[in-house]
Amino acid sequence: MLGSIVIGLIAGWLAGKIVSGEGYGVVGDILLGLVGGVIGGWLFGAFGMHAHHAIGALIVSTTGATALVWGAHLLIDDDQPDLMRLHHWN
(Lines give C-alpha, C1' and ligand atoms only; values in the text may rest on other atoms or scores of the structure.)
Protein backbone atom coordinates (compact mmCIF):
# COMPACT_ATOMS: atom_id res chain seq x y z
CA MET A 1 0.00 0.00 0.00
CA LEU A 2 2.73 2.45 0.93
CA GLY A 3 4.66 1.50 -2.20
CA SER A 4 1.61 2.25 -4.36
CA ILE A 5 1.24 5.67 -2.75
CA VAL A 6 4.93 6.46 -3.31
CA ILE A 7 4.74 5.30 -6.94
CA GLY A 8 1.52 7.33 -7.35
CA LEU A 9 3.17 10.44 -5.90
CA ILE A 10 6.15 10.18 -8.21
CA ALA A 11 4.00 9.34 -11.26
CA GLY A 12 1.59 12.22 -10.59
CA TRP A 13 4.46 14.65 -10.13
CA LEU A 14 6.12 13.45 -13.34
CA ALA A 15 2.85 13.76 -15.26
CA GLY A 16 2.43 17.31 -13.97
CA LYS A 17 5.96 18.16 -15.11
CA ILE A 18 5.49 16.51 -18.51
CA VAL A 19 2.16 18.14 -19.34
CA SER A 20 2.14 21.52 -17.61
CA GLY A 21 5.64 22.08 -16.24
CA GLU A 22 4.55 22.00 -12.59
CA GLY A 23 3.01 19.57 -10.12
CA TYR A 24 -0.48 19.65 -8.61
CA GLY A 25 0.42 19.55 -4.90
CA VAL A 26 1.11 16.44 -2.84
CA VAL A 27 -2.50 15.24 -2.61
CA GLY A 28 -3.22 16.07 -6.26
CA ASP A 29 -0.05 14.29 -7.39
CA ILE A 30 -0.89 11.17 -5.37
CA LEU A 31 -4.47 11.03 -6.65
CA LEU A 32 -3.35 11.71 -10.20
CA GLY A 33 -0.72 8.98 -9.97
CA LEU A 34 -3.07 6.41 -8.44
CA VAL A 35 -5.81 7.04 -11.02
CA GLY A 36 -3.10 7.16 -13.67
CA GLY A 37 -1.92 3.74 -12.52
CA VAL A 38 -5.37 2.32 -13.18
CA ILE A 39 -5.60 4.02 -16.58
CA GLY A 40 -2.03 3.04 -17.47
CA GLY A 41 -2.66 -0.55 -16.38
CA TRP A 42 -5.72 -0.67 -18.62
CA LEU A 43 -3.89 0.91 -21.57
CA PHE A 44 -0.86 -1.35 -21.29
CA GLY A 45 -3.05 -4.39 -20.61
CA ALA A 46 -4.97 -3.70 -23.82
CA PHE A 47 -1.67 -4.24 -25.65
CA GLY A 48 -0.77 -7.35 -23.63
CA MET A 49 1.91 -5.61 -21.52
CA HIS A 50 2.05 -5.64 -17.71
CA ALA A 51 4.34 -4.09 -15.08
CA HIS A 52 6.10 -6.57 -12.80
CA HIS A 53 8.54 -4.33 -10.90
CA ALA A 54 8.61 -0.86 -9.36
CA ILE A 55 10.21 0.75 -12.41
CA GLY A 56 7.59 -0.81 -14.69
CA ALA A 57 4.81 0.31 -12.34
CA LEU A 58 6.24 3.84 -12.39
CA ILE A 59 6.32 3.86 -16.20
CA VAL A 60 2.76 2.52 -16.44
CA SER A 61 1.44 4.95 -13.80
CA THR A 62 3.23 7.94 -15.33
CA THR A 63 1.90 7.07 -18.79
CA GLY A 64 -1.65 6.76 -17.45
CA ALA A 65 -1.41 9.94 -15.37
CA THR A 66 0.00 11.86 -18.34
CA ALA A 67 -2.87 10.59 -20.52
CA LEU A 68 -5.33 11.66 -17.80
CA VAL A 69 -3.89 15.19 -17.50
CA TRP A 70 -3.62 15.57 -21.27
CA GLY A 71 -7.24 14.47 -21.72
CA ALA A 72 -8.39 16.82 -18.96
CA HIS A 73 -6.56 19.72 -20.62
CA LEU A 74 -8.43 18.97 -23.84
CA LEU A 75 -11.78 19.24 -22.05
CA ILE A 76 -11.15 21.88 -19.38
CA ASP A 77 -10.57 25.53 -20.23
CA ASP A 78 -7.67 26.65 -18.01
CA ASP A 79 -8.38 30.34 -18.72
CA GLN A 80 -11.65 30.18 -16.82
CA PRO A 81 -11.59 30.68 -13.03
CA ASP A 82 -13.78 27.58 -12.57
CA LEU A 83 -11.65 24.66 -13.73
CA MET A 84 -14.72 22.51 -14.33
CA ARG A 85 -15.90 24.61 -17.30
CA LEU A 86 -15.64 22.77 -20.57
CA HIS A 87 -14.08 24.22 -23.69
CA HIS A 88 -16.51 25.87 -26.05
CA TRP A 89 -16.12 23.98 -29.31
CA ASN A 90 -16.68 26.68 -31.93
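This is a guided tour of one protein chain, to be followed in the viewer.

The model is predicted: local features need pLDDT of at least 70 and side-chain atom pairs count only at pLDDT 80 or more, while totals for chains, interfaces and linings use all residues. Residues are numbered from 1 along each chain as its sequence is written, and side-chain values use heavy atoms, with hydrogens and water left out.

**The whole chain**

Begin by colouring the chain by secondary structure. The chain has three helices and zero strands; helices (H or I, at least four residues) and strands (E, at least two) are DSSP runs, numbered from the N terminus. Buried residues account for 23% of the 90 residues, where buried means under 20% relative accessible area, exposed over 50% and partly exposed in between, with a 1.4 Å probe and protein chains only.

**Helix 1 against helix 2**

Next, select residues 2–19, which form helix 1, and residues 26–46, which form helix 2. Their axes lie 6 Å apart, and the packing angle is about 100°. Axes are lines fitted to C-alpha atoms, for helices over the stretch in contact, and angles run from 0 to 180 degrees between N-to-C directions. Helix 1 and helix 2 are therefore roughly perpendicular to each other (65 to 115 degrees; under 35 is roughly parallel, over 145 roughly antiparallel and the rest oblique).

Which residues of helix 1 meet helix 2? They are Ser4, Ile5, Gly8, Leu9, Ala11, Gly12, Trp13 and Ala15, and their partners in helix 2 include Asp29 and Ile30.

**Along helix 2**

Now keep helix 2 alone. Helix 2 has 21 residues and reaches 30 Å from its first C-alpha to its last. Select Asp29, Ile30, Leu32, Gly33, Gly36, Gly40 and Phe44, which are buried in helix 2. The cover over the buried residues of helix 2 includes helix 1 and helix 3. Just after helix 2, find Gly48, which takes a positive phi of about 80°.

**Helix 2 against helix 3**

Bring helix 3 (residues 54–75) back into view. The axes of helix 2 and helix 3 come within 6 Å and cross at roughly 105°. On the helix 2 side the contact includes Leu32, Gly36 and Phe44, and on the helix 3 side Ile59, Gly64 and Leu68. Contact means heavy atoms within 4.5 Å.

**Thr62**

Finally, select Thr62 in helix 3. Is Thr62 buried or exposed? Thr62 is buried, because its relative accessible area is 10%. Apart from neighbours within four places in sequence, Thr62 is in contact with Ala11, Leu14, Ala15 and Ile18.

Definitions and conventions: The expected span of a helix is 1.5 Å times one less than its number of residues.
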